[in-house]
Every structure is written in structure tokens, then in C-alpha cells.
Amino acid sequence: GKVRTETTNTNNKIMDLYFYPVFVSTLQILIYNFVDTMRVGKVRTELKLLAPIMYGHNDILDRALRIQSNQVEQMTGFHVSMWMCSVFFSPIFASVMGLVWVVLRYQYGLYYMKNGANKNGLTLYTVPCYMIININILLAVLSFSFRYFGYL
């Protein structure tokens with residue numbers, strides 16, 4: 001009984017501590033699955049361009065596929081950096097940065113579908129997302145270094 005209670009209390013503390021990073025990770029994955037991926041299916045259906053057709057057959061399909069691919073390219077860096085920052089620096093800070101990243105990436109998809117590839121979209125949505133990933137990684141590494149080594 002006593003061990004189980006201590007384990008339950010520890011698990012509750014961990015769940016409370018990491019509620020927000022879990023929320024942000026889940027939100028990002030849901031948006032990817034239900035917006036980015038479904039957008040490709042919707043465009044394919046509307047244009048009657050079914051798989052295995054990929055790039056080069058229609059600009060709208062190319063844009064939808066590029067958005068989906070770009071999200072996949074950035075997901076690993078996003079999740080790893082947010083979770084490293086959560087564990088070694090601050091779950092709240094990492095979650096706020098993560099939420100900003102998710103909103104920017106969502107806006108990127110909308111912008112890219114409407115305007116295609118241009119430097120404004122890169123400047124407005126992609127560069128800030130890279131900055132967020134790098135800030136999260138930097139804070140995680142610095143915090144880890146100070147915590148475990150006492151220096152850099």
C-alpha cells in the first residue's frame with residue numbers, strides 16, 4: 001500500500017510538471033494529422049489526382065505536399081528541443097515557446113497554400129521557428145551544463 005501511494009504521488013507530480021509540454025506536443029501532432037495530412041487528401045480528391053501521383057502534376061497539390069513534407073522535416077527538431085528545454089530548463093517556458101512554434105507552423109501552412117514559396121513566408125514563419133528550436137536547445141544545454149558540471 002505505502003509503495004503504491006508514493007509511486008502514485010510521484011507520477012502525479014511528474015504529470016503535473018509536464019502537463020503543458022504534453023499538451024503542446026499533442027496539439028502539434030493533431031494539427032499535423034488533421035490539417036496538414038488531410039489537406040493533401042482533400043486536394044487529391046478535389047483534383048482527382050490519386051496516389052501514387054506526387055509532385056509536378058498540379059501546383060495546388062505540390063503546395064499541399066510541400067507543407068506536409070516541411071512539417072515532417074521540422075517535427076523532430078521541435079519535439080526534441082521542446083522536451084529537452086522542458087526537462088533541463090523550464091516546462092512552462094518550453095511550452096510557451098512550443099505553442100508559439102505550433103501557431104507559426106499552422107500559419108505557415110495557410111500562407112503557403114495561398115501564396116506558394118516566397119521569401120515573405122520564410123521570414124514570417126520559418127525563420128522564427130528555427131529560432132525557437134535553437135533557443136530551446138541552447139537553454140537546455142546551458143542549464144544541463146550548469147546543473148551537472150557547474151560550468152559550460
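Helices (H or I, at least four residues) and strands (E, at least two) are taken here as DSSP runs, numbered from the N terminus. Under this numbering, Lys 48 falls in the loop between α2 and α3. The structure is a predicted model, in which local features need pLDDT of at least 70 and side-chain atom pairs count only at pLDDT 80 or more, while totals for chains, interfaces and linings use all residues. Residues are numbered from 1 along each chain as its sequence is written, and side-chain values use heavy atoms, with hydrogens and water left out.

**Backbone and helix geometry**

Lys 48 adopts a positive phi of about 55 degrees although it is not a glycine. Helix α4 itself comprises 25 residues and reaches 35 Å from its first C-alpha to its last, close to the 36 Å expected at 1.5 Å a residue; the expected span is 1.5 Å times one less than the number of residues.

**Packing of α3 against α5**

Two packed helices are described by the angle between their axes and the distance between the axes. For helix α3 (residues 59–88) and helix α5 (residues 119–149), the axes come within 8 Å and cross at roughly 35 degrees. These axes are lines fitted to C-alpha atoms, for helices over the stretch in contact, and angles run from 0 to 180 degrees between N-to-C directions. The crossing of α3 past α5 is left-handed, that is, the near helix is turned anticlockwise from the far one by less than a right angle.

Contact means heavy atoms within 4.5 Å. On the α3 side the contact residues include Gln 74, Phe 78, Met 82 and Phe 88, and on the α5 side they include Tyr 130, Ile 133, Phe 144 and Arg 147. The residues of this contact divide into 14 nonpolar, six polar and one charged. Ala, Val, Leu, Ile, Met, Phe, Trp, Tyr, Cys and Pro count as nonpolar, Asp, Glu, Lys and Arg as charged, and the others, Gly among them, as polar.

**The nonpolar core**

A nonpolar core is a set of buried Ala, Val, Leu, Ile, Met, Phe, Trp, Tyr and Cys residues joined through side-chain atoms within 4.5 Å. The largest such core has 25 residues, and Leu 61, Phe 78, Trp 101 and Val 102 have the most contacts inside it. Two or more residues are given to this core by each of α2 (19–47), α3, α4 (91–115) and α5. The largest share, nine residues, comes from α4.

Not counting residues up to four places away in sequence, Leu 61 touches partners including Val 40, Val 43, Leu 47 and Ile 53.

**Accessibility of selected residues**

Buried means under 20% relative accessible area, exposed over 50%, and partly exposed in between (1.4 Å probe, protein chains only).

| Residue | Relative accessible area | Class |
|---|---|---|
| Gln 28 | 4% | buried |
| Ile 132 | 6% | buried |
| Phe 19 | 48% | partly exposed |
| Lys 48 | 70% | exposed |

Gln 28 is located in helix α2. Beyond residues up to four places away in sequence, Gln 28 touches Met 75, Phe 78, His 79, Trp 101 and Val 102. The C-alpha atoms of Ile 132 and Arg 66 are separated by 21 Å, at 66 residues apart along the chain.

Phe 19 lies in helix α2; its C-alpha is 19 Å from that of Met 75, 56 residues apart in sequence.
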